[in-house]
Amino acid sequence: MKLLGSIVFLLVLGSALAYKSYSGYQVLKTAPLTPAAMPYVNRLSRRFDFWGTPSVGRPATVMVSPEDAPIIIAAFNRMRISHEVSVADLGPEVEKERAANEALRLALPRKPRVAAYDRYMTFEEIDAHIHETVDGNPDVASILDLGLSYEGRELHGIKLSNGAAGQKSVWFDCAIHAREWIAPPVCLRIIDEVLADSALRDLADWYILPVANPDGYSYSHTDDRFWRKTRRPNQGSSCVGTDPNRNFDFLWDSAGDPCTEVFPGSSAFSEPECGAIGNFISSNADSLVLYVAVHSYGELILYPFGHTVEPVPNVDDLIAAGTASADAIAAVGGTRYSVENSAAGLYFTFGASDDYAYGIGAALYSYTYELSGGGSGGFNPPASAIQGVVDEVWPGLKTLVEYSLAN
């Protein structure tokens, strides 16, 4: 153990210069937000890094640099939004997590065709796992090849099917926001379950994309733990990346600063990853019944739209399916997910993937799942939490698929 500890220390020390330091960064948490506060929070979210989904009746969490802390604290005070310091210094927390993950990687090497739920897998490990799974199950599994990311990584998912003609289809993607490491294990669990159960494949063809933002996900492992966006440079700006969940071609919003976490990009589908997913959805609109984007965090099941609280035509079905899913999740360990319209908390979004899938008429059932959070702020639950999250969420997702295909 002493030798392992020394190796981990040297590895972390050797890469410390490349990894972004969060020394002095704070995490602030507000009191539950009021409707009157939401217009201000919407504006602040265009500049500051709010974690989770700010909404009426819930606290908001925001990460701020030492330079920005006085600015947002003054803004909260002007708006009379009560707040407290949740994490006084994020730096040691990030380094502690980094060392723990490296120790687990060395102690628990990846096994071929076995998804790891006891540590966070890198993009390369996940991609290798997908290919090994397909190679080992050629009768029911095939590579979903969506092309390449901006930096040239394979945008590969998996198709699971019994091969019946005329099947309906369901889609799941994870980690379109790079720092949401808890999401890919959920997609990997879906693959495990569907691969093992022919009856699930009789219901539909399953398309699963465990890492929808490969460049950003890799960068969050190697350079910046809380990186959210893609990695494509922005012309005329030193700031890199676009929020991929604001980049889909449905009510895309052209306004934005490339230096913010919610920059929607230079145009709809400017990001090759988003364009590839969008092209798949539109090309398979005739068969696609269900679209699910897995995010973290918040314990929410969100349905369209993100820009308005006006109900969509099949809102009752969306609520019923979401509620059945939430009940199945709660039955495992008591965790209660809330089923809501994406804009119900008065935090408005444009160009989101679930809105695109629903808005173009491809998927009558379209959702964003915000998983349970953890760790020092929410996006970084310890590896020990992975198994519990995937165990409780899978029954909810299975129920959602069964409901959407039966109605």
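The following conversation goes through several features of this predicted model and the criteria behind their names.

Visitor: What should be kept in mind about the values?

Guide: This is a predicted model, in which local features need pLDDT of at least 70, side-chain atom pairs count only at pLDDT 80 or more, and totals for chains, interfaces and linings use all residues. Residues are numbered from 1 along each chain as its sequence is written, and side-chain values use heavy atoms, with hydrogens and water left out.

Visitor: Why is helix α8 called largely enclosed by the rest of the structure?

Guide: Helices (H or I, at least four residues) and strands (E, at least two) are DSSP runs numbered from the N terminus, and a residue is buried under 20% relative accessible area, exposed over 50% and partly exposed in between, with a 1.4 Å probe and protein chains only. Seven of the nine residues of α8 (residues 214-222) are buried, and therefore the helix is largely enclosed. The buried residues are Pro214, Asp215, Gly216, Tyr217, Ser218, Ser220 and His221.

Visitor: What covers the buried residues of α8?

Guide: The cover includes the helices α4 (90-107), α5 (123-136), α6 (183-196) and α9 (272-283), together with β6 (154-160).

Visitor: What makes Ala255 partly exposed?

Guide: Its relative accessible area is 40%, and this value falls between the limits of 20% and 50%, so Ala255 counts as partly exposed. Ala255 belongs to the loop between α8 and α9. With contact taken as heavy atoms within 4.5 Å, Ala255 touches Arg46 and Pro264, once its neighbours within four places in sequence are left aside. Asp224 and Ala255 are 31 residues apart along the chain, and their C-alpha atoms are separated by 26 Å.

Visitor: How do you know that α5 is roughly parallel to α6?

Guide: Two packed helices are described by the angle between their axes and the distance between the axes. Axes are lines fitted to C-alpha atoms, for helices over the stretch in contact, and angles run from 0 to 180 degrees between N-to-C directions. The axes of α5 and α6 come within 12 Å and cross at roughly 10°. Angles under 35 degrees count as roughly parallel, over 145 as roughly antiparallel, 65 to 115 as roughly perpendicular and the rest as oblique, so α5 is roughly parallel to α6. On the α5 side the contact is made by Ile126, His129 and Thr133, and on the α6 side by Pro184, Leu188, Ile191 and Leu195.

Visitor: How is the contact of α5 with α6 divided by class?

Guide: Ala, Val, Leu, Ile, Met, Phe, Trp, Tyr, Cys and Pro count as nonpolar, Asp, Glu, Lys and Arg as charged, and the others, Gly among them, as polar. On that scheme the contact has five nonpolar, two polar and no charged residues.

Visitor: What makes Arg80 exposed?

Guide: Arg80 has 78% relative accessibility, and the limit for exposed is over 50%, so Arg80 counts as exposed. Arg80 lies in the loop between α3 (69-79) and β4 (83-87) and, although not a glycine, has a positive phi of about 60°. Arg113, in the loop between α4 and α5, likewise has a positive phi of about 60° without being a glycine.

Visitor: What makes a space a cavity or a pocket?

Guide: On a 1 Å grid over the protein atoms alone, a cavity is a set of points where a 1.4 Å probe fits but cannot get out, whereas a pocket is an open set with protein on both sides within 12 Å along at least five of seven lines; lining residues have an atom within 4 Å of a point. Grid points are joined across faces, edges and corners, and a volume is the space filled by probe spheres set on the points. The largest pocket has a volume of about 440 Å³ and is lined by 22 residues, with Lys20, Tyr25, Asp49, Cys259 and Glu261 nearest its centre. By class, its lining has ten nonpolar, three polar and nine charged residues.

Visitor: How many cavities does the structure hold, and what lines the largest cavity?

Guide: There are four cavities of 30 Å³ or more, and the largest cavity contains about 340 Å³ of space. Its lining has 29 residues, of which Thr53, Arg246, Tyr347, Thr349 and Glu370 lie nearest the centre.
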